[in-house]
Amino acid sequence: MHETAIREISLQSLKGFPFPIMEEADCSLPACPTEDAIRALLENLVDPLLPLKPSPSDVPSKALRESVAKQVHAVVLLYNYYHRREHPHLERLPFESFRSLTTVMRPALLPHFKESGEDGVLEKVIVDACSLSMSLDESSDFSTLKKWPIKKVAVLLVDSKKTCCYLQHSSITQGVWSLLEKPIECQSEEATFQKAAFAAVKEATGIDHKDIVILERHLVHSLSEEKTTTQFYIMKCTSEDNFPGEFPVEEALNCMQGPLFDKSFSEWSTNSIVEYFHVLPYANLIADWFSRREDAEFVIEKEAKAVCDEMESNGKADESDICTTEDAVRALLENLVDPLLPLRPSPTDVPSMALRESVAKQVRAVVVLYNYYHRREHPHLECLSFETFRSLTTVVKPALLPHFKESGDGVVFLEKVIVDACSLSMSLVASSDFSSLKKWPIKKVSVLLVDSKKTCCYLQHSSITQGVWSLLEKAIEREKAAAAEGQSEEAIFQKVAFSAIREATGINHKDVVILERHLVHSLSEEKTTAKFYIMKCTSQDKFSGEFPVGEALKCMQGPLFEKSFSEWSTNSIVEYFHVLPYANLIADWFSRREDAEFVIEKEVETVCDEIESNGKADESDVCHTGDAIRALLENLVDPLLPPKPSPTDVPSKAVREAVAKQVHAVVLLYNYYHRREHPHLECLSFDSFRSLTTVMRPALLPHFTDSGEDGVLEQTIFLEKVIVDACSLSMSLDASSDFSSLKKWPIKKVAVLLVDSKKTCCYLQHSSITQGVWSLLEKAAAAEGQNEEAIFQKVAFAAIKEATGINHKDVVILERHLVPSLSEEKTTAQFYIMKCTSQDKFSGEFPVEEALKCMQGPLFEKSFSVSEWSTSFVVEYFHVLPYASLITDWFSRRKDTEFVIEKEAEAVFDENGKADESDIFDTPGRGGDNATSKRSNDTNARNDASRSSPKARKKVAPKFYSRNLRGRTVPAVEPQVETVVALKANNADNEMSPCKDNGERGGMEVGSGSNYQRERDNQRKKAVTDKLKSILKLNNASPVSAHDSNLNLEELQTTLLSRASSLSETALKVLHCKRDKLTLQQRDIEDEIAECDKLIKNVKGNWELQLETILECCNEAYPRRSLQESQSNKRVKLSEPLPFTKSMCQKLDDLCLENNWVLPTYRVSSTDGGYEAEVRIKETRFAHTICGDEKSDAEEARESAAACLLRRLQHNTRQQPSTSRHD
């Protein structure tokens, strides 16, 4: 072995390399202060794991504690060592300083610190990280490093060309790249280190040591443990085909240059170097090797002990805990393939082509589920080839033999599918690197369609693989041809996505907004990808999917297989096989769904009329350039031009500016909005606009520069500049569809949509910006100072006050968004949706819905004269168009629970420089101005009365079981008891109202006349006050008059907080009872649906059944007058004696109630021989789904499923008695 090949280089000797990594910062550059640095690191690394709304009572799980501790460990090292290495004058923070600083910045970290009786995971991690930071300073001396023990191995694996490397993301610290690392026992043998390194490469990439050569090795300080080192290898994969990593080494080195923090708009944020935190110890060594990579290559010899077969057998998990290959394949075949195979196969059977294809699809899923997903959890298991699969499946399921090629019929369909699936499984391993994904072609589009509340989604069952749920998917091969006609790829993908939604649900693209888009590996074809969209249906009425997103995500957790009675079976995760590639992205979005929503703009080619048909839109239906400009000039510019222009006329400066504003609108409306609908039209430059407009309107000539006189030139250049700026702005608006671009642009103005307290009307201004055009309330803003949000809110309140006279005390902020601005290129507007809480003061009466309708459709329409085009209503709302989709989305959700954004203290200062405390500290339980509150209360009382529906549907509520909550029995609440509703969250008037749940929704009596209504309001307020005081037993309660019926809200809040536990238990009990009632109703409905399905199959040709069905329908239409309740729907209270004989469903219900579980849900389906039922119980700690036996009756099928689940639960209780939940 050559000593020259062993380059153990100290960090001090690397300062002259071409890639200087993390050098000492220039003293002239400002250093990020300690507090800002910690805040930026927490925001980047820790915030994604913390709850959005932390509660002091939250107790994080052990897994969450460990995850957060890992992230905080990185924060400590990045500040105490790396940041201070750049700026040594900064203070080194000990444990106490870190604890106090982080808990002040992030109160959600408080439960993670050590409390009584708990392990202080986070405390220990911070203490260790502080000590480690101290020891890293000593590691610069190589003689010191050699004395420290080697505790882990790190590998930089590069391709055969030595240009790309393999990096892992989030394997150690979430959001951070790292090398291949593997801990080892304290050893000094080279063979041990090499063996661990080869094992790390094999586990991560599947590459065998035979395809690897060792280029260099070094000793490097470790970031894992104090005073320990890492054996660092640079290895090369000699087989280009097997190499899965395509991360350019040079790009990674570039990302590790520069400081840790960057300042933007007075705020500090982390740089890309933080994302490579775990690579930093090796960065200088990698840079040195990369600069010499083209020199003669010296290969380090492999140790004999490192490449023996035993390296693949050590450290295996307990075999009894892992589903073996044969058991896994058998369980998958039982679940996915058995339903398509004959019960009694015969060797002479010849399956049809349709059956062959169906079976092949199911077997394909089996191959991918085992070879990729199961082996991803247990990489030591054998990767099955085609021959192994064939022999194993035909032994386990002899009925598959006829599906393989045996005779000369030439049908090799199943063989090809298995071979392709094996290759696909191998390529999926490489797809973990995003740089690989970007090189693969996009062959299909997948859509997760959610409802307007973002809680439910639309999933398809058995559309790809029988028995498996999937997203909306559609291939894009045919549509690719459209790219030759000038359409962008994104437009093609969106078009296919909208088409898939339309075909499956009937929902038009107009009712859909795009929330997110991603690139994901495809399960359909090897080395291809899918364009994945998360889209939202803005119309709740049209949305037909009712699958809870949270439930779907829970079903996709855990292993593929579970053991029961020594037999292995598949888990629910197998039923979501086609959703698994998107699961992490969906989970990430779902955790952020309540954040501010950013809508991706639809591509113009996608939403044009041709999406509804196969052919192009008729050219006669498109307004061409000349007609469009003429119509816009006629509408916007003509009113300012003289009827009879003269060449000698010199327009005044005021006229020039007014005309320039109108022409600015013309340019944007054509170059951006009209061409967004019809991208094949020409994009007009300044010269084109000048020549076209002056020909059409000679009166515009004096507004352009056509004289050489200095005075005239100075005046007339105004219109030219406006057109040039508008042309540039049109180009930049295309880039604004990417929100990451928007965030980099400065905010130059504030726009406000002010709505009334009913949220039905809004305030719009006419001709305030462009003559003849409606606009929101807009005002220029320049953020100077640290609290930008306070500045923007202050400007918004000022704009409202100037336009309407309404004070900020009468306004609440509902939403805020970032929107591209139409005023200046590459600038944005801070857009607020605000509500006026006082209906009397609100002066705007423009219906929001009417405005939204006016902004739909094309910009131009053809009049009765075939040859003439004119502008539509959309042009009159030109300045509202950038906010239209956001307003539409909010308007569809306006009746949901209202969340009010807190006002910044600096934004609500009065004229004397003092903040209005009643406004700053306004909470949902506290009112503001008394006069305003009274007016608002009266107004909202009228609104509530007018909205109540006297025709509300009546529901018959069954009796309820009592439930055990926290070890004590709480009696069931009858529906007739009057319930007091708590303070309405985020309601400006903070009104409290009693709700009588008497089986009716709505039904509030409304008297005629204002006096009657006022009396009803006073009576209601007094009733609420008396009821609250009697329930909460408020001391010193004095009689409350009808005139002064407002409670002491501060006292009420204190009392409510003191009884929070009781209120929580009562609310939980009410919700459980409501769910029990709905569950029982669902059972009966599903039974009837299954029976209907059965009858539909048999009714044709059966006249007896036809007559019976018609008579039954007539009886249901005109039922007998009977008050007797069906015995099957009657539920028995636990306080009453139970019947002598109980059904299995009743026993299962009793067991659930006894353990405080939710009641089981059933799905009954008809089969050829009768009915089958599936029962499901889902709890936080477990979930069971079991199918019962086939029965002749739907109720019997449900009984069979309940019996099976009872047996399963009893067996689990005997095996693990500690897992039952008895509260």
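Here are my questions, with a reply to each.

Reply: Before you start, this is a predicted model, where local features need pLDDT of at least 70, side-chain atom pairs count only at pLDDT 80 or more, and totals for chains, interfaces and linings use all residues. Residues are numbered from 1 along each chain as its sequence is written, and side-chain values use heavy atoms, leaving out hydrogens and water.

Me: Why is Lys454 called buried?

Reply: Buried means under 20% relative accessible area, exposed means over 50%, and partly exposed is in between (1.4 Å probe, protein chains only). Lys454 has a relative accessible area of 10%, so it counts as buried.

Me: And why does Ser767 count as partly exposed?

Reply: Its relative accessibility is 31%, so Ser767 falls in the partly exposed class.

Me: Where does Ser767 sit?

Reply: Ser767 is in the loop between strand S23 (765-766) and strand S24 (774-775). Strands (E, at least two residues) and helices (H or I, at least four) are DSSP runs, numbered from the N terminus.

Me: What is the phi of Lys454?

Reply: Phi of Lys454 is near 60 degrees, a positive value in a residue other than glycine.

Me: What makes something a nonpolar core?

Reply: It's a set of buried Ala, Val, Leu, Ile, Met, Phe, Trp, Tyr and Cys residues joined through side-chain atoms within 4.5 Å. The largest one here has 73 residues, and Ile126 is among those touching the most other members. Helix H2 (residues 62-86) gives the most to this core, with 11 residues.
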